[in-house]
Amino acid sequence: MEIELNEILLNSHNRNMKERIIIFDDKGDYYIFKHSNIMERVKQMKVERFEIVSDKLIVLKVEGVINE
């Protein structure tokens with residue numbers, strides 16, 4: 001899966017957040033969270049891979065589907 005970070009960041013409705021965690025699921029859907037508002041069930045999902053882009057941006061790929 002290729003991650004289009006520029007598109008994700010430009011389309012983010014949370015542009016003023018100090019930190020972003022972008023999480024992709026098996027359907028290819030992505031969700032943007034702050035560390036403090038990640039849903040508990042998402043925290044428990046197995047991380048397939050991750051990329052620390054900067055001190056304010058982390059990208060995770062999780063196994064499973066987030067919005068079911």
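A pocket is an open set of grid points where a 1.4 Å probe fits, with protein on both sides within 12 Å along at least five of seven lines. The model here is predicted. Its largest pocket holds about 160 Å³ of space.

Which elements give two or more residues to the lining of this pocket? They are strand 1 (20-24), helix 2 (40-43) and strand 4 (57-62). Strand 4 gives the most, with 3 residues.

Now look at the lining itself. Among its residues are Ile 21, Ile 23, His 35, Ile 38, Val 42 and Lys 43. Met 45, Val 47, Ile 58, Leu 60 and Val 62 also line the pocket. By class, the lining has 9 nonpolar, 1 polar and 1 charged residues.

Take Met 45 next. This lining residue sits in the loop between helix 2 and strand 3. Is Met 45 buried or exposed? Met 45 counts as buried because its relative accessible area is 17%, and buried means under 20%. Ile 66 is 21 residues away from Met 45 along the chain. The C-alpha atoms of the two are separated by 8.7 Å.

Val 47, Phe 50 and Ile 52 make a nonpolar surface patch of about 300 Å². Ile 52 lies in strand 3, residues 47-54. Its relative accessibility is 54%, so Ile 52 counts as exposed; the cut-off for exposed is over 50%.

How values were computed
Residues are numbered from 1 along each chain as its sequence is written. This is a predicted model: local features need pLDDT of at least 70, side-chain atom pairs count only at pLDDT 80 or more; totals for chains, interfaces and linings use all residues. Side-chain values use heavy atoms; hydrogens and water are left out. On a 1 Å grid over the protein atoms alone, a cavity is a set of points where a 1.4 Å probe fits but cannot get out, and a pocket is an open set with protein on both sides within 12 Å along at least five of seven lines; lining residues have an atom within 4 Å of a point. Grid points are joined across faces, edges and corners, and a volume is the space filled by probe spheres set on the points. Helices (H or I, at least four residues) and strands (E, at least two) are DSSP runs, numbered from the N terminus. Ala, Val, Leu, Ile, Met, Phe, Trp, Tyr, Cys and Pro count as nonpolar, Asp, Glu, Lys and Arg as charged, and the others, Gly among them, as polar. Patches are made of residues with over 30% relative accessible area and no salt bridge: like charges are joined within 9 Å, nonpolar side chains (Val, Leu, Ile, Met, Phe, Trp, Tyr) within 5 Å. Accessible areas come from the Shrake-Rupley method with a 1.4 Å probe; for residues, only the protein chains shown count as cover. A salt bridge is a side-chain nitrogen of Lys or Arg within 4 Å of a carboxyl oxygen of Asp or Glu. Buried means under 20% relative accessible area, exposed over 50%, partly exposed in between (1.4 Å probe, protein chains only).
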